[in-house]
Amino acid sequence: MLPTTLVNSGSQGNGVLSPRDAARHTAGAKRYKYLRRLFHFRQMDFEFALWQMLYLFTSPQRVYRNFHYRKQTKDQWARDDPAFLVLLSIWLCVSTVGFGFVLDMGFFETVKLLLWVVFIDCVGVGLLIATLMWFISNKYLVKQQNRDYDVEWGYAFDVHLNAFYPLLVILHFIQLFFINYVIISDSVIGYFVGNTLWLIAIGYYIYVTFLGYSALPFLKNTAVLLYPFALLIMLYLISLACGWNFTKMLCSFYKYRVK
């Protein structure tokens, strides 16, 4: 039975749940369903999740059109299938092990690096960014301050995961082939290649994030989410002028953290 069909003490006189109680109950039910499916792999649609991962590189707009379709059919913007999160976790583990191998880390050092990347870089930073964007979008970007129009926190986290996946592939997979032979070297081409990959990865993160919030029809002025591009390009040019090597700094930081 759907939660919205239940009537409790918080219902109105006509037997319908009050908007606040209905929204709270529905959100809790959806969250419970998502977490429950996390332990039932047979219920997950991994083929569709792989399709999303492919199109996040080739046509991310199509991914968000599917989010719009989910809202029409299931009355929620956020994913109800954790398959994407599971596949992202696998990608994260594999790429981090590859990162540890390239940096010549031992077994326990690689495990420490994996725990750091999963719980700090992905989950911790993701929770922070999702909460911040959820607050900003609901506070300043909603066209009408109405309970019927709000950004789900789960959707904000999904947008982060969508944007994080291309960044992960670029920095933790593609970059691996250039670290030891090109990027780490103390040469102009080294920090040019490394910093350019960072520019592409973070730029893609900003763009996919913008697409995620611009896909919501009740938000306004979402173009402001593209403004960090100016700061990113400025920082990129300064790094080239000063000879900063972001990848080399990251590798040194990772080695320091796993000691």
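## A walk around helix α7

Let us start with helix α7, whose buried residues are L176, I179 and I183; buried means under 20% relative accessible area, exposed over 50% and partly exposed in between, with a 1.4 Å probe and protein chains only. These three span an arc of only 95° around the axis, so they lie on the same side of α7. The arc is taken over the directions from the helix axis to the C-beta atoms. An α-helix has 3.6 residues a turn, so residues three or four places apart point the same way. On the face turned away from the buried side, α7 carries the exposed residues F177 and Y181.

A word on the model: it is predicted, with local features needing pLDDT of at least 70 and side-chain atom pairs counting only at pLDDT 80 or more, while totals for chains, interfaces and linings use all residues. Residues are numbered from 1 along each chain as its sequence is written, and side-chain values use heavy atoms, leaving out hydrogens and water. Helices (H or I, at least four residues) and strands (E, at least two) are DSSP runs, numbered from the N terminus.

What do the buried residues of α7 pack against? Their partners are α4, α6 (153-174), α8 (188-214) and α10 (246-257). Take α4 (residues 83-102): its axis and that of α7 (residues 176-183) come within 9 Å and cross at roughly 20°. Axes are lines fitted to C-alpha atoms, for helices over the stretch in contact, and angles run from 0 to 180 degrees between N-to-C directions. The two helices, α4 and α7, are therefore roughly parallel to each other; the classes are under 35 degrees for roughly parallel, over 145 for roughly antiparallel, 65 to 115 for roughly perpendicular, and oblique for the rest. Here S95, G98, F99 and V102 in α4 meet L176, I179 and N180 in α7, contact meaning heavy atoms within 4.5 Å. The residues of this contact comprise 4 nonpolar, 3 polar and no charged. Nonpolar covers Ala, Val, Leu, Ile, Met, Phe, Trp, Tyr, Cys and Pro, charged covers Asp, Glu, Lys and Arg, and the others, Gly among them, are polar.

Now follow α6 to another partner. Helix α2 (residues 46-58) packs with α6 at an angle of about 75°, their axes 10 Å apart. That makes α2 roughly perpendicular to α6. M53, L56 and F57 of α2 make the contact with N162, Y165, P166 and V169 of α6, giving 6 nonpolar, 1 polar and no charged residues.

Finally, look at N66 in helix α3 (residues 60-74). With 17% relative accessibility, N66 counts as buried. Setting aside neighbours within four places in sequence, N66 is in contact with F48 and Q52.
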